[in-house]
Each structure stands twice: as structure tokens, then as C-alpha cells.
Amino acid sequence: MDEKLIQRLELAVARLEALSTGFRPGGAPESGEDAVTDPSILAFDDLMGQYFARVLSAAEKIGGQVLEATKILKEAFSVQRELLVKVKQTQKPDLAGLAEFLKPLNEVIMKANALTEGRRSDFFNHLKAAADSLSALAWIAFTGKDCGMSMPIAHVEESWQMAEFYNNKVLVEYRNKDPNHVEWAKAIKELYLPGLRDYVKSFYPLGPVWSVTGKKAASAAPKASPPKTSAPSAPAPPPPPPASLFSSEPSQASSSKPKEGMAAVFQEINSGKPVTLGLKKVTDDMKTKNRADRVGIVGSSEKGGRTSSPSFSKTGPPKLELQMGRKWVVENQIGRKNLVIDDCDAKQSVYIFGCKDSVLQIQGKVNNITVDKCTKMGVVFTDVVAAFEIVNSNGVEVQCQGSAPTISVDNTGGCLLYLSKESLGTSITTAKSSEINVLVPDAGSDGDWVEHALPQQFVHAFKDGHFETTPVSHSGG
């Protein structure tokens, strides 16, 4: 008998045994041993054995940073398994308790994100795909429709969409160079779709099921409070909400920020202090014309000492906002790889201007999208009602995961379009553009892409009273 068939039969028997012993009277919480033999935990082990083993096998052949990122991936899934066991033994925590409960998972994800920072690696796309994919594990934080998250199944799918942008780059870069990298990219996608998605769909479609009578989740240790006085005190204000599970930037209340610009000026004027208070008297030796240490020549070291911020454009401050309820404006974003627009509808448009080395994900259907004067910009979108336009840009990569009636490329150098099966009927219009390549799914295999270069040179021949235009074809001798 086939060895794989025997393993599947053994797993089926183990599940049946777990089902027969998995019901406890009175709603008693599961013990550690019972939780491990729970069908959902056994199915999670099957998920790791069936899907993750392929990822690890390919990573071991590649080695280096790819293997390191894959081991962190394995650590994250192991932590999620431990949390799933604890969920069955723990009562549903409050918001602060949930943040503390998920802290081990957050720490592993931050470790994966750290691999993508600093000097850009030759395997940056691998590292970014692995790190971004881990946000899918945050489905376990779903506590209800009002928690601000998508439903668990949708969350897994949406989280993979951002990672897929970099995963597709791996497939394209190595498809004719190294099959191990291609296998790694295909395997990591299957780990999430259908692997994790189907697992969540089968066992946790509405989120984790907490124990009713289990132990209470531990909250973060409170800060030491000052000694109490004899005077009566007012009740303490409620604690601030915890930071987002996967946020790398600390939150800061707007009221705690000092006033800037004209607001600070008027605040100073209205304070009642003399206007000249705090001003210093300038003596003759402090004037520039009398200072011996100042000369009229600027040294080369002084010129090169100024560096610009990587996240701020010379043309203006970065923007990502909805204007008048109809137009999303994304401007002057530099080096931002995790821009997301998720609250949009089919009546709204998206205008992307002056961005560089950034990636924007648009989750949902919008009316139209325009990319203008951008460099090395990546856009991942689902559906557009009218058109997707690229003008006056360089090095743009676009991934359509749904449908788009029209894609137009005008005055652009270097454009890579990824079309899904649903968008193969898209009409692509080009003008004054070069190096435009379109990648479509290979009909013969699952996960492969076929690249087509759109012509940029044409032959115009006058025949029968009018010009006939045909693309230039190059034949190899």
C-alpha cells in the first residue's frame, strides 16, 4: 500500500479518536493533553506537515537569508499553534489582555520585519514576501465585527495579497534561473492559499473560540503608582488603547504634541508675556560682518554634509487622505512599502502623485486609479470600474487581482503589469512609452507566469491610399 495513503489513514483515525473523546460534560476547559488532541490542533499539524514542509525543503536548498526567513516563518506558525492551544484553556480577554496574549506572535513578526530593514539584500523580495505574509496570522486577534478587522477568512486572503506582490517578483526573477526559488515561492503561497485559509474556514470562520470556564488571560503588568495620600482622590481615567498588534510605530496622542506653525505664534502672543521677552541683544562682535571665523567660501565638506530624509519629498509633505469623500490622494510617499487603502467604494477615485520606491495596496473596488510622476512605484489593486492610468512615470509595477476594463500607459519608461485570470480581457493602450511587459497566468501550470513584451517600435507603410501600421518584429538568425 502507498506510504502516503497509510499516513492519511493514520491521521483520519487520530481525528476520529479525538472526536470521540473531545466532548467534556459541563463545558469544562480542556487540559493541555486534551487541547493537543483537539481536531483543530491536529488539523494545524497537518497544515504544517502538508504545506510548510515544501517551503522548508526549498529554503534548505537555497540557504542563506531565505532559510533564515523561513525558520522565522516556522517559529511564527509554532507560536500560533501554542496560542490556539491556550485559547481553549483561557477566557476571552479584554483589549489590554488580548495585546498581552498575542505578544509572543508580535515579537516573531517584528523579527521577520527586521530582516527587510537596513541595506537592501539580494533576496529582498523573498524576505519581504515572508515578512508581509505573517500578518495573515493576525486572524487570531479577531474578536467581533466591531473590532476593526476583516473576518478571519477575508483577513488571511487580504494579507496574502500584499505579500504576493513580492512573491510574484521572485517567480519572475528566477523562473529561468533557479527552480528552487520558484518552488519556494509557489510553496509559500500554497501555505496561505489554500492552506491557512481553508484551515481557518473549517475551524475558526468567526474567530477563535475562547473557553467559558478557563483561566483568565494575564494582562500587562501595571506601572508603579505613587504612594497614596490621605486626601480623597478622583477615580483613575481609563487606560489608553493598546497599540496595533503589528504596528512598528508608537502611537502618540495629538493633544500631547506641541503646537506648530502659526498656532504656536498665536499661543505665545495670547500668553500675556511681553513680545520681546527672551530676545538677546546683538553686540557688534556677534554681527556676521565682524566675525573672523566666517568667510565667503563654502567648503566641500559643508556642502556634502546635508542629507535629505528618506520619507519626505522636496515637493511637499507626504499625503494619504480622502478628499471631499470622493478622491483618495496619495502624494510624495518615499520608501513606504506598506501603504494601504481599505475603506473605499466604487464611486471614489485614487490619485497617486510624486511617490518613489513605495508600494500601495488598494483593497476594494474603486472608480479609477491614476499614477502620475512616480518612480519605482508598486500598486496592487482589486477592481476598477473605469480605467487604470499611468502617466509621466518610470519603473512602475502594477498587479491587478480582479478586473480592469482599460489600462493606459502614457509617457512612461519601464512598466510591469501583472494580470489575473479575471483581467485577461483588459484593453491596454500605450503612447510614448518603452519597456512595457505584461505577465499573465500560464494556462498550462498553476502559479507560473508568462511574460509578453508590448511593441514600442512600429513600421508605417503607405498602401492603397492610406498608411498601414504594424509592430516591428525581430527574428534571430
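A salt bridge here is a side-chain nitrogen of Lys or Arg within 4 Å of a carboxyl oxygen of Asp or Glu. I note at the outset that the model is predicted.

**Entry 1: Salt bridges**

I started with Glu 451. It forms a salt bridge with Arg 175, and the closest N and O atoms are 2.7 Å apart. I then looked up where the two residues sit. Glu 451 is in strand β14 and Arg 175 is in the loop between α8 and α9, so the pair ties together parts 276 residues apart in sequence. Glu 451 is partly exposed at 30% relative accessibility. Arg 175 is partly exposed too, with a relative accessible area of 31%.

I counted the set: the structure holds 13 salt bridges. I followed up a few of them.

Lys 111 forms one with Glu 75, with 3.1 Å between the closest N and O atoms. This pair links distant parts of the chain, as Lys 111 is in helix α6 and Glu 75 in helix α4, 36 residues apart. Lys 111 is partly exposed at 39% relative accessible area. Glu 75 is partly exposed at 31%.

Lys 189 and Glu 164 meet in a salt bridge at 3.0 Å, N to O. Lys 189 belongs to helix α9 and Glu 164 to helix α8, 25 residues apart. Are these two residues buried or partly exposed? Lys 189 is partly exposed, with a relative accessible area of 30%. Glu 164 has a relative accessible area of 11%, and buried means under 20%, so Glu 164 counts as buried.

I also found a network of salt bridges that links Arg 54, Glu 183 and Glu 190.

**Entry 2: Nonpolar cores**

I turned to the nonpolar residues. The largest nonpolar core has 63 residues. Those with the most contacts inside it are Leu 73, Phe 77, Trp 184, Tyr 192, Leu 196 and Tyr 199.

Leaving aside neighbours within four places in sequence, Leu 73 is in contact with Phe 52, Val 55, Ala 130, Ser 133, Leu 134, Ile 188, Leu 191 and Tyr 192.

**Entry 3: The sheet**

I traced the strand order. Seven strands form an open sheet, β3-β5-β7-β9-β11-β13-β14, with mixed pairing. β3 (339–341) and β14 (449–453) stand at the edges with a single partner strand each, so one side of each has no neighbour in the sheet. Neighbouring strands are turned by 15° against each other on average, direction ignored.

I took one pair in detail. β5 (residues 356–366) and β7 (residues 375–384) pair in the parallel sense over eight bridges. Leu 360 has Val 379 as its bridge partner in β7.

α8 lies across β3, β5, β7, β9, β11, β13 and β14, and runs at about 130° to β5.

**Entry 4: Cys 344**

Where is Cys 344 found? Cys 344 is in the loop between β3 and β4 (349–353). Cys 344 is buried, with a relative accessible area of 16%. I listed its contacts beyond four places in sequence: Trp 328, Ile 362, Gln 363, Gly 364, Lys 365 and Val 366.

Key: Residues numbered from 1 in each chain as written. Predicted model: local features only at pLDDT ≥ 70, side-chain atom pairs only at ≥ 80, totals over all residues. Heavy atoms only, no water. Core = buried A, V, L, I, M, F, W, Y, C linked by side-chain atoms within 4.5 Å. Buried < 20%, exposed > 50% of the residue type's maximum accessible area, 1.4 Å probe, protein only. Contact = heavy atoms within 4.5 Å. Pairing = 2+ DSSP bridges. Helix = DSSP H or I, 4+ residues; strand = E, 2+ residues; numbered from the N terminus. Axes fitted to C-alpha atoms, helices over the stretch in contact; angles between N-to-C directions.
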